[in-house]
Protein chains: 2
Amino acid sequence: MAKEITSREQDYSQWYNDLILKGGLADYSAVRGCMVIKPHGFALWEHMRDQLDKMFKETGHVNAYFPLFIPKSFLSKEAAHVEGFAKECAVVTHYRLKNDPNGNGVVVDPEAKLEEELIVRPTSETIIWNSYKDWIQSYRDLPLLINQWANVVRWEMRTRLFLRTAEFLWQEGHTAHATAAEAIAETKQMLDVYAQFAEEWMALPVIKGVKTANERFAGAEDTYCIEALMQDGKALQAGTSHFLGQNFAKAFDVKFSDKDNKLDYVWATSWGVSTRLVGALVMAHSDDDGLILPPRIAPLQVVIVPIYKGADQKTLIDARVQELLNGLKKRGIRVKYDDSDNNRPGWKFAEYEMKGVPVRIALGARDLENNVAEVARRDTREKKSVSLDGLDESIAQLLEDIQQSMYNKAKAYRDEHITEATSWDEFVQLLDTKGGFIAAHWDGTAETEENIKQQTKATIRCIPLYNPQEEGKCILSGKPSKERVLFARAY
Amino acid sequence: MAKEITSREQDYSQWYNDLILKGGLADYSAVRGCMVIKPHGFALWEHMRDQLDKMFKETGHVNAYFPLFIPKSFLSKEAAHVEGFAKECAVVTHYRLKNDPNGNGVVVDPEAKLEEELIVRPTSETIIWNSYKDWIQSYRDLPLLINQWANVVRWEMRTRLFLRTAEFLWQEGHTAHATAAEAIAETKQMLDVYAQFAEEWMALPVIKGVKTANERFAGAEDTYCIEALMQDGKALQAGTSHFLGQNFAKAFDVKFSDKDNKLDYVWATSWGVSTRLVGALVMAHSDDDGLILPPRIAPLQVVIVPIYKGADQKTLIDARVQELLNGLKKRGIRVKYDDSDNNRPGWKFAEYEMKGVPVRIALGARDLENNVAEVARRDTREKKSVSLDGLDESIAQLLEDIQQSMYNKAKAYRDEHITEATSWDEFVQLLDTKGGFIAAHWDGTAETEENIKQQTKATIRCIPLYNPQEEGKCILSGKPSKERVLFARAY
């Protein structure tokens, strides 16, 4: 093979990096903690973004764009928010450079110091609610259902391509409502949108739940989340939706008059998913030969590779492929005919496997005589000889099958990795051997949660929605508990 | 009317601001020079972006994403580039805040100072060519045809909503080629894409040309541009496409081996358009009653307003409108039925005129009896009674007519405002009275160009492509000249 990938067994973490780098999804950059999203990775993100955007619009949201910079003083307006977010940020202090008097390029002009420093947004609640103050006066202005696609910066100390980068791309929804009930309904609706997107488009099964107070978004009353499981048994938070209560309305003095002309603070939500989802996608499905992408969001769904000797054979194959291309494109299938003569078919096979193209069609001279093509699916690596008659239809069906089968496989793995623990020893042993989600009783205190984290590195991923109620005793403290929560080590 | 707009005659500049603010396109923000793009404005930008993106992809380009931050030292690597760009930038010097020891919110943590300052990208040539160095080794890696949609920051002293803001959204194409000829062809191709987009989608006639050395992009060998004319007779640069020669390849040491294994520096282009186009669109077409948007990029193309007394009439109208909505949507027309009872029809008429919706359909009880609707077009304000039979088809045709008619009107205005000047007095007088483009001879020196600018505030907008050659004398210096160039005062 052209490029070698470390196996999962050998080094899971290196396997992941190999996939991202050699699969052409991203590259390191000259700026600490910031990555370059390469064309193949960006195309993947575009397909995810476009589908999410469609779902946001179908649920009544519109897009807008707010400034990249946040005045420093805004961050301290909401007390909990500043504790959670104001610390590791990129801070703009100057607005001009000048030629170095010593002749070494440019230096910061000390005379161009900002009166108030600007923070590169780590999230936009504060700058957005500062605008909402001017936009909302009456109940007629509500609900305000706005989303923005943007880049944000959080100065992370340890970064991983896609999973945790200093700059990342995301969407952040920010909505304003007249009642708490309406805002909570919105929070849950967007959680459902995220879950539906993850499961139906990314083939990624997720658990919907609520975060504990410890793990809540800084400034939220409640944080809902979807949690997914990776192949190494670690959990990954794939999206969050926050009910913000009236916290930001109070911090920015956003009131509305209701139908009876009574003034009240506005109720808020925010919700977001990011390019982190690309990392989740890679980790959930891929194997030691490269990426495995679900057909619905794969930038390229089908690749056709000709196998021939001499121009005569090529001409015959070209003609038949053209027909096939037309048929596939008419069905909206993203297909490429790779007849470049730079590389041999074997090299191409490995390359498209590496890139995760769901279906490969190989067509040789003998195949043509027999009116068949060799169809290989990436997920199971199964190969079949398939009739050229109606091939476009069978490929369309195959893409659907792959999508479903990838989801089933990931779900079976996930379900096998939700284990109940009844004793502390069992809990620790499960974490160290099997991994995955551990359903265990917890006494509901932040102290115990923190203790468990210190001792095991496991956190409470969520309290699942519609969680069965069951009497029990906390796995660590032994105190009484009314339900199990899901623990895991996580990305 | 609900909201009053200053007339163009009274105060052109205030008219523009009124349109942007009252038309719901954008708002000022708490950050100096940065605006908030409101939902109506962002929807407009989305339609423009999506069409441009499609045209970029049709010409073989792919999207990627590079870091927001540029290490300070990168800017000085290309000598001309640093002169043009390194000066007015947002500079990140620290990466952490901490609680103010005096209890006043947060302060910058002096211990978290970056070793090398980071510049918020004003444009991305340097950070991108630093990556291209790793991506390009052989002629097989070329051409590299990448575009990115991003936010950039230039610390402008005087800002105007959309036209000149500290942060703006744009796309920047950055391509790498094996030969100068290929890079020049790419530069021209993208100029054509921009011109086609401006004319066919924005209904905005443009002149394609080349910039003089003075007005060239910092680091380019040649800057091509499209120039448009606004209703106040000022020109506006609507897009640029740069042939960068080997300047950035040399600055970042990007070489490739050709088929004979000979090493050479790579040839480059870059090209971009920004949210400034939204400002151009507004200024080119709108009138004293509000925005006038070309149908092809109008977020909403048709609005239907019912006129009724009582629920019985409403029910009849609703039923007929539902049919009409289905017909229009089937044709892909973006239509809204505004039957809200918060506001009277007259208020709605004014509101949708303000927002620039190309076609308004009013349907009353008597109209229904007569099997007609009142159709009003926004651009000419013409109203007609039109048969309900086949109305969806006549609306589709009307939208096409409006698109064409808006272009024709803008083009007639533009063509009337290209005037030849033969003497300096005439030149100055034309600038002060008629405005528009002035075609005049120029001696080809930067000194004269600068002199003219100092005396009149007019700049050379471009030397038009395929410019007729004609002997003459420079309008200021009287020295010999071989062609006329286009001068104007500009945004």
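**Reading the two chains together**

Tutor: Strand 5 (residues 91-94) of chain A and strand 5 (residues 91-94) of chain B pair in the antiparallel sense over 3 bridges. Strands are DSSP runs of E of at least two residues, numbered from the N terminus, and two of them pair if DSSP finds at least two bridges between them. This is a predicted model, in which local features need pLDDT of at least 70, side-chain atom pairs count only at pLDDT 80 or more, and totals for chains, interfaces and linings use all residues. Residues are numbered from 1 along each chain as its sequence is written, and chains are lettered from A in the order in which they are written.

Student: Which residue is the bridge partner of His94(A) in strand 5 of chain B?

Tutor: The partner of His94(A) there is Val91(B).

Student: How many residues of chain A are in contact with chain B?

Tutor: Contact requires C-beta atoms, placed from the backbone, within 7 Å. Here 55 residues of chain A are in contact with 55 residues of chain B. On the side of chain A that touches chain B, 34 are nonpolar (Ala, Val, Leu, Ile, Met, Phe, Trp, Tyr, Cys and Pro), 11 polar (the others, Gly among them) and 10 charged (Asp, Glu, Lys and Arg).

Notes. Two residues are in contact if their C-beta atoms, placed from the backbone, lie within 7 Å. Helices (H or I, at least four residues) and strands (E, at least two) are DSSP runs, numbered from the N terminus.
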